[in-house]
Structures are given as C-alpha cells and as structure tokens.
Amino acid sequence: MKLIFKVINLFSSRHELIMELVRRELKDRHTGQVIGVIWSFGHPVLLMSLYAVLFAYVFPARFSLGSIQTDFSTNILAGVICWLAFQDILSRSPAILLTHASLVKQIVFPVEVLPVKTAIASLLPYAGGLVFAIGFSTFKGNLSLFSLALPVLILIQVIAMVGIAFIFSVFGVFLKDIRDLIIVFNSANLFAQPILYNPSATPEILQWIFVFNPFSYAVWCWQDLLFYGSIEHPVAWVVFPLESVLVFIVGLNIFERSKGTLGDNL
Amino acid sequence: MTGHDAIRIINLGKKYRIFSHPADPLLELMFEKSRHISKQALEDINLTVKRGEIVGIMGRNGAGKSTLLKIIAGTLESTSGELEVNGRISSILELGTGFHPEYTGRENIFMGGFCMGLTRAEVNSRLHEIINFSELNDVIDQPFKTYSTGMQARLTFSTAISVEPDILIVDEALSVGDAKFQKKCISWMRNLSKKDATILLVTHDSNTITSLCDRAVILESGQIYSEGEPKKITEEYQNLLFGGSENIKNNITAGQLNNVQSASYSINGESADKNIQNKQNVRYGNNKAKIKDWGLYDLAGNVLSNMMSGADFKLEMDVNTLMDIDDISCGFAIKDKRGTVLWGMTNISNDDNPYTSKTGEQFNVTIKAKMWLAAGEYFITLGVAHDKDGEKIDFIEDAIRFSVAGTNKIFTTSVVNLQSQFNIQTLEKN
C-alpha cells in the first residue's frame, strides 16, 4: 500500500517529465519521416479501417442476437482496438530499459517513469483508432448511454498496460529472449481471444481458451461498451479490473525489487 | 549521522558478477550453483565527507572511481557496507547523459531539468542563467549533436548546477572544457561549498585538486590507498603513476631518516604560512639505490636553513647504489608552499648524460647556485630516477625546508629576486 502511495506521489510530481518523455517518444518514432508524428496516430486508424472494411463488407459477418440479425463488425473493432494497444505495449516493454540504459546508469533518474511513459505513448496513438471505432459504432447504431463508461475502461486498460510495462521491462534486461517470445505470442494471441469470431458460433474448445486467456476479459469489456451497449459479460467487468490491478501491483513490486540491480545488468 | 556529515560510507564494497553466457544468471537463480566470476570493484571503503567540503578523488583507470561515484549518486547499488547521503544530489557522471543528440540545447536543458525534478516553470526561470553560464547563447537552438565535446560539457555542467545541489558529484566532465570555462566552474564550485554544499570531484589534474579541494583521496584497485591533504596526495599519486611497478606502498618509508619541518597550508590561504608543524616527508622509489645523506650548505660547508636572497649556496646528496644502474637521472627541485616547482636541475637537464653506477658504489651529487628566489619558505625535493622510463629509484619529497630573506624592497608576493634598483627623478625641463 505504501508502495502505491509512493508511486502515485512520484507520478504526480513527475507528470511534466513523463509527458515530455511521451511527447518525445511519439516524435522520435518517426523522425525523418515526411508526416512524422501523424504516423503515430494514423497507423492505428488505417489498421482499424482495414478491419472495418474487411469484416463489414468483404466477409460480411452476421450473427443472431435473439431474433435480430446483427452485423458484428463493430464487435471486431472493439476487440481489435483493445488488443492492438496491449500488443503494442507488450512488444515495446522489453526494450524500455535497454534503450534508456544511459538514463538508468548515468544520472540520478526516477527510473519508474520509463515504463509509465512507454505505456502512455503506446496507448495515446489509439485515441485516433478509438474515435474511429466510436464513429463506426454510432454509424452502425451500436452506441448507447452505457458507452459513457469509456473513461473508466480506459483507466483500467492504462493500469494494466503500465503493469505489463513494469514486468516486461525488467524481463527484457535479465532475459533478452523475451522479446522474441513476445513476438510469437502476439501473433498467436490474436486468435486466442474472442475478437475475430462470431460470438454465437464459436467452437467449444475456443470458448475454453477464451476463458483461460486473461486478455479475453478486456476484449469482452470493450465489446460490451462499444458493441452491445450494455453489460453482456458481467464476469469480465469483475475480472478485468482485478487483473489490471494485480498486474500493476506485481509489476511494481518486481520493478522496485530489481531497480537496484538494473545498473549492473545494462 | 551527525548534522555535519553529508556523506558517510562505512565498509562499502561492490562486487560485479560476470557471466560468460546469457543463460547463466537464470540458471544460477534456478539451481543455486554459482556460475559467475566475481570482480571486486570496491572493497572496504570508509569515507566521511562533511558539509561544505570539497573532496578530490584520484586514481588510475579502473581503480573504481566511477563505480564509487555512481554508488553515492544512487545509480548503482553497493553489495556490502553502508552508505548514508544527506541532501539533494546532482551528478555529472558522463557527458550529455539524459541529453538527446537530435534535440536543441534549449530543449535538452528542459529535459535535464525535468530529470532532476524541476518543473517547467522552474526550468523557465533558470533558463537564462543556465544559457549564460554555458556561454552557448549563439548555438542554444541548434541540435546537441552539432556541439563540440567541450560545448557539450558546458551545457551538461550548466544544467546540472542549476538546481543548487547539496551534494555535487563531478566525474571528469570538466576536463574537456576550455581553461576559461574550467576556471569559471572552479570558482562556482568554491562559492557553492561556501554555501555548505559538498562536492565530490574525480579528476586526473593535480592542479585542480590542489587549488580546489580541501581533501584528496587516492583509490587504487578498489580500495582507499591514501587520503589527506591535497598537495601530499597529489605527490603520492604522481608517484603511484610513475613510480616503480611493484607494490609501491611498502617502499614509502616516510621520514625514515629525518622528519623535516614543513609548513602546513590551506588552499584558501587563510592559515597559509602561520602554522608550522612537524610533518613527515614522503619517500618512494624502487630501492635500487638509496639517498643517504643530503643537505643545503653555504660554500664553506655550513648547513643552511635561512639565507639571504642573492647568496651562494650548494645542494648535495650522497647516494648508495644497491644494484647496477646505467641510466641514472638525479637532481634537485625547489618548490614553493603550493607545490609549484620553481627550479629544478638534473644531470639530464644539464647535459643529457645519464650516469652509470655499479652495485655497492656511492656517488655524490652537488649543485652550486645563487639564491635568486625572493623572500619566503621553500622546499627541496631530492630525486634519483631511471632516465629511460622515468621509473623512480629514490625520491624524497620536501626533504629540506629553508627560508629566504632580504628582499624587503620588492613586493612581498614576489617569487624571484631580480636584483632590482629603483630610481625616480624629475626630468629637466627643456
């Protein structure tokens, strides 16, 4: 508990540093490119549009919700945006400390801000994708008053992403192979979540996989928010916040414990 | 911790673990079988630094200086011992760290400030001061990567000191600045220490140590080799670098034959020549020959400790050769209280002719000269060394102390007696 207060205190006193680092990271990713930072935001939007077009028009996806035939492309988009953000932070985490080795080793620097800024920098570009998804959802008539819970869901997602960044940034230092493991995991995990499937026609074996995949619960929450417009997966709304807080606390503990030895291993 | 100690280090040690395979750390963790080689970077360091003190740290490459500073700064953890640090630390451990090469100097100042915990408003209020101190007004909006090494050092230093730290840690960063900037930094650090801030400084430059520090420490192979008054320590460090390659410390037989009187001095000049005390002189070398007897005499052979400026004198030493040496360089040097060599002469400087001596032989070295130094206290260092590689055979620092009088018509700060005559007269009107 003390640790949490310490961290909250750190983040509130260092928010200028964090925001400056986020700004730089987004800018640096695309230095030397013609439209530069626009890519950061454009990339998710383009990807989302691709999914939207594919599943709304190329493979028209329909399933029966009660007696009404519904287009579930919004459902796919909701899952995709959630997973893309997770995938982004997963693949970036192992490199966080390695790329900032000089900051860790050479100056008195609050190292904790590095995973936090990477998590924020991972999430921010999906703002564009989110706007697109909300637009699409409105267009398809899926949006409801329940969607006002969006900020809460974003907060839960941020906490989970920061936790992931804490854990894997440390792993990245001590076990450099984690980077490649994550790449494989990312490719596979897209299919192990209830994203691309017709919810009413999923084989039972997959349903079991979904239940055991921690990322599924996040996906279900986003789908409730953007597609169903009501709580269709009550379990997910309990599990996802719990998972998120758990990952954060575990991550923070791992990070704080290994902080002192980071300098030796970079 | 008492209120006066800024840093207190007790039995501090640092062991690096070196793994030969990337899987080893993991395997070690799993099977608890040691798979690493330990490298003791620091061992048993004890050091207390008071508030307002400036301590210089010297040592050869790899002696552990940077490791020690990093542990104090908090970027590395020690593996044993205790460390107590009291106050806000600002450190300059490497040039331009935290600075991004693609960003301009100005942007980097903000970044550096944020890293040290300043807010944007605080950085803004100091921005002008920082840029002025760095003297980079013309290039501050150009990318950091276009700066020369010296300019990078200036910006790094200027940014680091803008927080007015309680403890400032500087690791060799200054040495790349030009002389003028170095001077500015040194006087800034002096002012800072007057405000009760503590400064730890790593440098190879003896001058910086003697002119700035209150105390100096030599690190050698991860341990504190010696610690004390800057002038003595810098001399010892020179010896460590250029002396014999064997274990030199055993060869320092301090004041074996005579404890010379020597003036203690302080950097600030406050107690400069008042406080005369008995101090042991420093002796070192590889012992292939030993200086046996030495002295400062008048031409009649009487021992001198005071003399008039302009008087004739001679310097003599007898040396016992204990091993055949064919490249002896030997002679005397006169230093002032600050350790500046004012005069020196050897057979090499005289006619570039190394002297050869066989085991068991004894030889005498004599220099006759006129004392043209101005009034003051001086010290004579005796030395025998190899000409080829400069390795020292027997050196006695400040073996003789003497004073000169008789130049009361010139400035008391004069260093030399130019045998000057003063004349003033009214010119005739045409």
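Two residues are taken to be in contact if their C-beta atoms, placed from the backbone, lie within 7 Å. The model is predicted, so to speak of local features requires pLDDT of at least 70 and side-chain atom pairs count only at pLDDT 80 or more, while totals for chains, interfaces and linings use all residues. Residues are numbered from 1 along each chain as its sequence is written, and chains are lettered from A and ligands numbered from 1 in the order in which they are written.

**Stop 1: Asp298(B).** Select Asp298(B) in the loop between strand E13 (289-297) and strand E14 (306-308) of chain B; strands (E, at least two residues) and helices (H or I, at least four) are DSSP runs numbered from the N terminus. Leaving aside residues up to four places away in sequence, Asp298(B) touches Leu304(B), Asp312(B) and Phe313(B). Asp298(B) has 13 other C-beta atoms within 10 Å and is therefore partly exposed (buried means 20 or more, exposed 12 or fewer, partly exposed in between, with C-beta atoms placed from the backbone).

**Stop 2: a sheet in chain B.** Display next the open, antiparallel sheet of three strands, ordered E2-E1-E4 (chain B); strands pair if DSSP finds at least two bridges between them. Strand E2 (36-50) and strand E4 (80-85) of chain B are at the edges with a single partner strand each, so one side of each lacks a neighbour in the sheet. Strand E1 (residues 5-19) of chain B pairs with E4(B) over five bridges, and Gly13(B) has Ser80(B) as its bridge partner in E4(B).

**Stop 3: chains A and B.** Finally, select the 18 residues of chain A that are in contact with 23 residues of chain B. Helix H2 (15-28), helix H6 (101-106) and helix H13 (234-265) of chain A each contribute at least two residues to this side of chain A.
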